[in-house]
Amino acid sequence: MGKRSRLRKKEHQNNSKPGGRDNRDNAGWGAGYADIIKENKLFEAYYQELGLVPEGEFDQFMAAMREPLPATIRITGYKSHAKEILHCLKNKYFKEIQEVEIDGQKIEAPQPLSWYPDDLAWHTNMSRKILRKSPLLEKFHQFLVSETESGNISRQEAVSMIPPLLMKIEPHHKILDMCAAPGSKTAQLIEMLHSDMDVPFPEGFVIANDVDNKRCYLLVHQAKRLNSPCIMVVNHDASCIPRLQIDTEDGQKGTLFYDRILCDVPCSGDGTMRKNIDVWKKWTTSNSLHLHGLQIRIAVRGVEQLAVGGRMVYSTCSLNPIEDEAVIATLLEKSEGALELADASVDLPGLKWMPGVTKWKLMTKEGQWYKDWSEVPVNRHTQIRPTMFPPTDTEKLANMKLERCMRILPHHQNTGAHISDGMQHHPVAHIPERREDSPPPNKKMKRHGFKEDPFVFLTEDDPVFPPIESFYDLSPDFPKINVLTRTHEGKKRHLYMVSKELRNVMLNNSERMKVINTGVKVWSRNSDGEEFGCAFRLAQEGIYTLFPYIRSRMITVSVEDIKILLTQENPYLSKLEEDAHQQAKKMGVIVLKYRPDNSNPDGPQCPIELCGWRGKTSIRAFVPRNERFHYLRMLGVEVFRDKQGQGPREEEKEVKEEVKEGETENGNKDVSPKQELRGENRGDEHLKGDEREGGGENLTST
């Protein structure tokens, strides 16, 4: 491999290293890097010379960079019970934390991020070490871990939440996330797409891409927690991601242009020093010089696929103008007026940010400064490019409005450093680089990594449908053509669904793109099902998607019924309250439906749908472990112990008292909060295909 090829490979892999693009996505809980000295004289000298920090604030800026980054959490906003989780956090955990003292000092309770809508994002300065010092704090930490695994909370750095908010997502938007792994921002995009939970299939979709095959499986894991039929994960080099074809409404073939594009590029990561401590000793000015070309190529390829009237957000976690304003200026100049830098100054009230800069210079690794391309000697032309400097035409520079770029400095709101820019595409000129190739010339699609099972769409007359339609009494508008499986041969083990528009994309681009995963599992084969007339049981992951189409097999349950179903593995039907008991006696596979009781303000104020199966004398809820814990918390049941070995908490004892009678009657194991699912995937290195199986069927004591 030649030197240039090695360098390019290193650039593309940069996002998986300590200073890379994505490391800001998952906020830390304090750090213990006492052995690393947080000093880099070159870094200080460089940014002091550039003058990017307001006068008189540089010492504050550097002091903030040396402090541990606060931990931040975001509540999944699109789910109907987001308010319930927020209520639980505010009125239970945060109130308890306010009473905790560690080493004689009161703990500061988490605070909401003032600029994030609806109080759905919070930050705290508590470190892991402090969390371990108090049973109450340990319980809070376990709550966060469990709710994160079930997709109800994301632990994500504050500045990482900004770009998706600036995109102004609507449910009909077609969205491309160009450099998506590990997926925190992708999750936000999916949430916004599903802002109306009564619509199972939004018109829009998210195509999430990453160049690293292995990291695509982390992306799959992140996205799958949200159970959306409108997400597709693909594996391509973002700088030459293929142009896709679709069937248009008039029956013709057309090119897919995206309404929204997130271009969160690999960068030097010097804005992540508070968390990625290695950046302190590894930072040099050459990092930005090496990445500038790749960043432009990715951004240009994004612009080429942006619909007229669409918006692309470009973001980095680097403070360096060479990676930020220089790239934006290059895009604006190349577009010949087709792009405009959007004014986002009022989009996030409460967010403190600095305007973009219009003047900057660059420095080589040896310390040589250059203010203009004309100063660069010929022997430096391969490392330094004209696009790294500000435009020399003052009128052209003024028209670019680079001050609309949003610079987030760490000392202003106790965050990492971040740059975001939103660009609108207008029909006033063509984009000179727009190509009609797919992929671009001399670029062959690489198919490294795991071999994926094929995606096979079922036809409307597939023999699998009649028993399913009859058994569940599916409504006539159920979109059978959106159902797919992952095998050509043998019995279909699982059935998945994607949205209409994603189906359109998949059928027209099988040779153009490498799909890692898509869709949501809606049915799984059940060996005992055929005796009831249907071989497929409902999958909990797909209940939001299927629920609007199911017209039978539903049982209305009470709060007490749900407690029984989630704390026992196979309770007798007689354990249910009389109404639910009589309904359950008449049917096999079921949807267990809870609706809020207005007369009981202490009960959950959000609807709950669980998947279950009725045997001859008992009933079972097919709900993964962490979701069980989640729903039990919503019902006011405590599910954690204070510390390992101290025995169950009082609330846990109450749960056991409620269900132990069922254990003595029929020998069923008590599924107490100390139990977990056997076979449930928890951190497979590569979540291949349908991300392993497990999740509710088999139970064992821990």
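Modeller: Asn227 has a relative accessibility of 13% and counts as buried.

Biologist: Why does 13% make Asn227 buried?

Modeller: Buried means under 20% relative accessible area, exposed over 50%, and partly exposed in between (1.4 Å probe, protein chains only). Asn227, at 13%, is therefore buried. The model is predicted: local features need pLDDT of at least 70, side-chain atom pairs count only at pLDDT 80 or more, and totals for chains, interfaces and linings use all residues. Residues are numbered from 1 along each chain as its sequence is written, and side-chain values use heavy atoms, leaving out hydrogens and water.

Biologist: Why is Asp473 called partly exposed?

Modeller: Its relative accessibility is 31%, so Asp473 counts as partly exposed. Asp473 lies in the loop between α15 (465–472) and β21 (483–485), and its phi is also positive, near 50°.

Biologist: What makes the peptide bond from Ala181 to Pro182 cis or trans?

Modeller: Omega is near 5°, and the bond from Ala181 to Pro182 is cis. Most peptide bonds are trans. Pro182 is placed in the loop between β7 (174–177) and α8 (184–193).

Biologist: Which residue does UniProt list for "active site"?

Modeller: The unreviewed UniProt entry lists Cys317; such annotations may be inferred rather than shown by experiment. Cys317 is in the loop between β13 (306–316) and α12 (325–335). Its relative accessible area is 0%, so Cys317 is buried.

Biologist: Why are α6 and α20 called oblique?

Modeller: Helix α6 (residues 135–149) and helix α20 (residues 625–634) pack at about 120°, with axes 8 Å apart. Angles under 35 degrees are roughly parallel, over 145 roughly antiparallel, 65 to 115 roughly perpendicular, and the rest oblique. The pair α6 and α20 is therefore oblique.

Biologist: Which residues of α6 and α20 make the contact?

Modeller: Phe143, Ser146, Glu147 and Glu149 of α6 meet Arg625, Asn626, Phe629, His630 and Arg633 of α20, contact meaning heavy atoms within 4.5 Å.

Conventions:
Axes fitted to C-alpha atoms, helices over the stretch in contact; angles between N-to-C directions. Helix = DSSP H or I, 4+ residues; strand = E, 2+ residues; numbered from the N terminus.
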